[in-house]
Every structure is written in structure tokens, then in C-alpha cells.
Amino acid sequence: MTQAIDGLTSRAMDAAPSITRELANTAMGTQGLIPLWFGEPNEPTPKFICDAATRALADGETFYAEGLGRPFLRHALSDYMTNLYGRQIGSDRIAVTVSGGNALNLAFQSVLEEGDMVATITPAFPNLLAIPRLQGARLITHSMEIRDGRWHLDVDAFLEAAKPAKAVLLNSPSNPTGFMLEHDDMRHILHVLRQRGTWLISDEVYARIVFERTVASSFLDVSEPEDRLIVVNSFSKSWAMTGWRLGWLTLPPSLTPVIEKIAEFSVACAPPFAQRAAVTALAEGEPFIAETIAKYRLALDLVKETLASHPKVTFPVPNSAFYAFFRLNGVEDSVSLARDLIANAKVGLAPGEAFLMKEPGWFRLCFAQTPEQLGEALERLQPWLKQTHG
Ligand SMILES: Cc1ncc(COP(=O)(O)O)c(C=O)c1O
């Protein structure tokens, strides 16, 4: 008898499972484990946001909603983006999505044909590579390098490598490195891609998780509305709403109806009570964002104290996002060491392989944690730091 599994697509079968998810599954139930592998704030969503959702549920906001999002949320996002970037971004350019991940899927569904090439940089959040692949794209990856203790992108070399690509995918601020593109490079990239007619998908979900200013540079700062630019944002990180599954796209106005059409065939619409809460997050969330950034800054200082000066650790210190991406020099197998850390240090780190790091010994640690938990985790790592040979 033919097995059901024989009839599946190679796209689905070849999709690499998430290494971090596998490690986390094997660690399930480990008593006392401090999990620092996933990218999410440790605190639940603030009460004022939850209350808005509860009120909306009580008011019966439980029906299907508009495919592009409730008009009041699209307007609120238009105002938010316009204030943040100092240029008019109309609500006709906004599509509310069911998470940043869904936003990425819709973006790629709208621009990719089977076999098209997508160029991106590594190390990268693995979903950024898996999503276009699942849609039949082939990837061109270009590695960043470390220069003077900082992550560095050779923009011209990347653009050269990206020549055959139908779409370029960039993630700034970056998960896992915290690398950020600045306006000069963004202008240059956009100029070159414009000439080639290449699409640019810019994942800016960490735009507000920045330590030396209020918002990261955006491609929206340097573009025109009808540029082939799709910007991906999310409520997950800035407002501690990872479980809500709510994000949004900023689109060329002519693409918005196409997104409306294709979104209908997957999720149809974002949950209306969550959208009501999202408006509250935008209207009243600035003090919360400022407070959490202050906490992340202290957490980063704590991580820096342990890692940045360690002779056997390479740690380009980030200015954004909430990850420490570091290398234990001399470690040959990060996945084995990650397993060892689960069993013996009771600390969960994501190994660098998950982010397409070719060199061994890299790990990602999410420092969006209480100082107590983070301090304890760093203390537990000490014996492994001492053992490391560089
Ligand atoms: C770079 C990047 N993009 C997109 C996402 C997806 O965010 P969400 O689907 O929770 O909105 C994440 C989540 O970790 C991320 O790190």
C-alpha cells in the first residue's frame, strides 16, 4: 500500500525542522531549566492591553472582520507609522496580518513564482529562510562578517550576489545579531534594487527594540510609496504580545488589494478583539516600551559583564533586539554543547546552526529576562566558559 507520506510535496518534506524547537521539546519537563532560546519577552502582555481585549470580547467583537484589518486599526497604524517616520504613510498602505510570520508569508506569496531566487544575509532567523523556500523559492545567502568587534555587511558584495534575485529579504534590526542598517546603506540598496526592478521585503519587527534611540532606521524613511518595498512589522516584541499573533504590512498602495485577496484564502482576517487591543497598545503603549527598553539595557549590561570581556568568547555587542549572539571559541559542536547545557547547567540556548552560522561554537541567548533569572543563568554557564578552549 502506498504510504500517505509518499504523496507529499518535496517542499514540505525538505523543510528543515527547527533545531531550537527540537532541543526545547527534548528539554520539556526538565526541572529548574532557564529557557533563553526563544525570542520573546519574559513578562505577560501588560494589563491595559489585555483589558481592552476583554472589553471587546464582552462587547461581542467575535465575528469575522475585514480582510485588511479593522479600519480603526489601519488608521491607528497609519498615524503611528506617520509619527514614527515623519512621513505620511496612508492607511491604504496598511494590511493587518495574523503575526509577523503571516505577514512574511503574504509578502512572499504576492511576489514569488516557483523557482524564483530570494537573496538574504546570514546569520538569520531561520523562518526567514524557510518561508520563501516553502513557497518554491531558491535562496542566495550572503554571510556577514565581524569587523572591529561589530557585525558588518559588505553591501556591495551582497548586492552583487543578489543580482539574480527576484526579491531581497533584509532584517534590520537583526535577529540574532542585533545588526542594524543605516540610512546611507538603505538608500544605496533601494537605489540599486529600484534600477533592477527587484522587490525588497524588509523585516522590521524589532524596530522599537533599540537602545540608543526611539526607533531603528527604516526603509520607509528613504522610499517612495510605489517602490517595490514591503515592510513587515509585528505586535509581538514591542508590546509583549507574542501569543496574540498580530502583525502588519506596509505596502505600495497598488499591492494592498492583492494582499486583501490572497489573505482571504488563508486566515481571512485577524481576530477583531485582538485588533481592538492593538489600538490600545499603540495609543497607550509608549511608556511600556520605554520601561521595557530600560530593562533590556540593564539585562544587556549583565550579559556584557560576563561575556564581552571573556578571553575565550567572541561577542559583538548589539545595540538592538534582545539577543546576545556569541561564540565560545574552541567549541566544535554547538548542538551537543546546547544539549549538555540543558542537562547539566539547566540553561536553554539556541545553537548558531539554527541561524545558518557555518562556524561552530555560536549560541543565541535571549536576554529579555528578569535580572535574577538572567544572573542565575550566566552563573550556571561559568563552568562551561572556563572549560572553553580558544
Ligand atoms: C526577525 C523576525 N521576524 C519575524 C518574526 C515573527 O514574529 P511574529 O510572527 O511573532 O510576529 C520573528 C520572531 O521571532 C523574528 O525574529
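A167 touches V111, L112, M117, V118, A119, T198 and W199, leaving aside residues up to four places away in sequence. The model is a predicted one. A167 sits in strand β7, which covers residues 167-171. The chain is divided into domain 1 (4-45 + 287-384) and domain 2 (49-284). Two residues come next, then the contact between the domains.

**A167**
- A167 has a relative accessible area of 0%.
- A167 therefore counts as buried, the cut-off being under 20% relative accessible area.
- The C-alpha atoms of A167 and F108 are separated by 8.6 Å.
- Along the chain, A167 and F108 are 59 residues apart.

**S218**
- S218 lies in the loop between β8 (199-203) and β9 (229-234).
- S218 is buried as well, because its relative accessibility is 0%.
- Leaving aside residues up to four places away in sequence, S218 touches Y85, H183, M186 and E204.

- Domain 1 is given as two stretches, 4-45 and 287-384, and domain 2 as one, 49-284.
- The centres of domain 1 and domain 2, taken over C-alpha atoms, are 24 Å apart.
- The contact takes 33 residues from domain 1 and 41 residues from domain 2.
- Between them, the two domains bury about 3,100 Å².
- Carbon and sulfur atoms carry 61% of that buried area.

- The rule finds 1 salt bridge across the interface of domain 1 and domain 2.
- R11 forms a salt bridge with E114.
- The closest N and O atoms of R11 and E114 are 2.1 Å apart.

**The domain 1 side**
- Four elements each supply at least two residues to the side of domain 1 that touches domain 2: α1 (10-14), α11 (286-307), β12 (323-328) and β15 (362-366).
- Helix α11 gives the most to this side, with 7 residues.
- By class, this side has 22 nonpolar, 5 polar and 6 charged residues.

Technical notes: Residues numbered from 1 in each chain as written. Predicted model: local features only at pLDDT ≥ 70, side-chain atom pairs only at ≥ 80, totals over all residues. Heavy atoms only, no water. Domains from an automatic or database assignment. Contact = heavy atoms within 4.5 Å. Buried area = accessible area lost by both parts, 1.4 Å probe. Salt bridge = Lys/Arg side-chain N within 4 Å of Asp/Glu carboxyl O. Nonpolar A, V, L, I, M, F, W, Y, C, P; charged D, E, K, R; others polar. Buried < 20%, exposed > 50% of the residue type's maximum accessible area, 1.4 Å probe, protein only.
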